Amino acid sequence: MALLTADDVLNKKFQATKFREGYDQDEVDDFLDEVVNTLRAVTAENDDLKGKLSAAERRIAELSRAGAAPQPAPEPKPEPKPEP
């Protein structure tokens, strides 16, 4: 199941019913089920990422207290250009 995008929601078109005004209720319900599943997946991913961020921040604080502050990544050395 692919996650919905904001454009999917904005551009969704429902079929009009034949014998009464409005939209096909089953079609609308199915679409809302997709929206709910997408929101649940995004919320779960967000919660997971918040947990990872919190763990990383705790680890940084722990290393800072221990005097082993994280070292910046070394800058890549430029490769020599071949002479013409």
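Two aromatic pairs are present in this predicted model; rings of Phe, Tyr and Trp (its six-membered ring) pair if their centres lie within 6.5 Å, and planes under 30 degrees apart count as stacked, over 60 as edge-to-face and the rest as tilted. The model is predicted, so local features need pLDDT of at least 70 and side-chain atom pairs count only at pLDDT 80 or more, while totals for chains, interfaces and linings use all residues. Residues are numbered from 1 along each chain as its sequence is written, and side-chain values use heavy atoms, with hydrogens and water left out.

Select F14 and Y23: their rings form a tilted pair, 5.7 Å centre to centre, with 55 degrees between the planes. Helices are DSSP runs (H or I, at least four residues), numbered from the N terminus. F31 is buried at 9% relative accessible area, whereas F14 is partly exposed at 22%; buried means under 20%, exposed over 50% and partly exposed in between (1.4 Å probe, protein chains only).

Move to D48 and K52, whose side chains meet in a salt bridge (3.5 Å, N to O). The term requires a side-chain nitrogen of Lys or Arg within 4 Å of a carboxyl oxygen of Asp or Glu. D48 and K52 are separated by about one helical turn because they are four residues apart in helix α2.

Finally, select E62 and R59, where another salt bridge is found (2.5 Å, N to O).

Key: Helix = DSSP H or I, 4+ residues; strand = E, 2+ residues; numbered from the N terminus.
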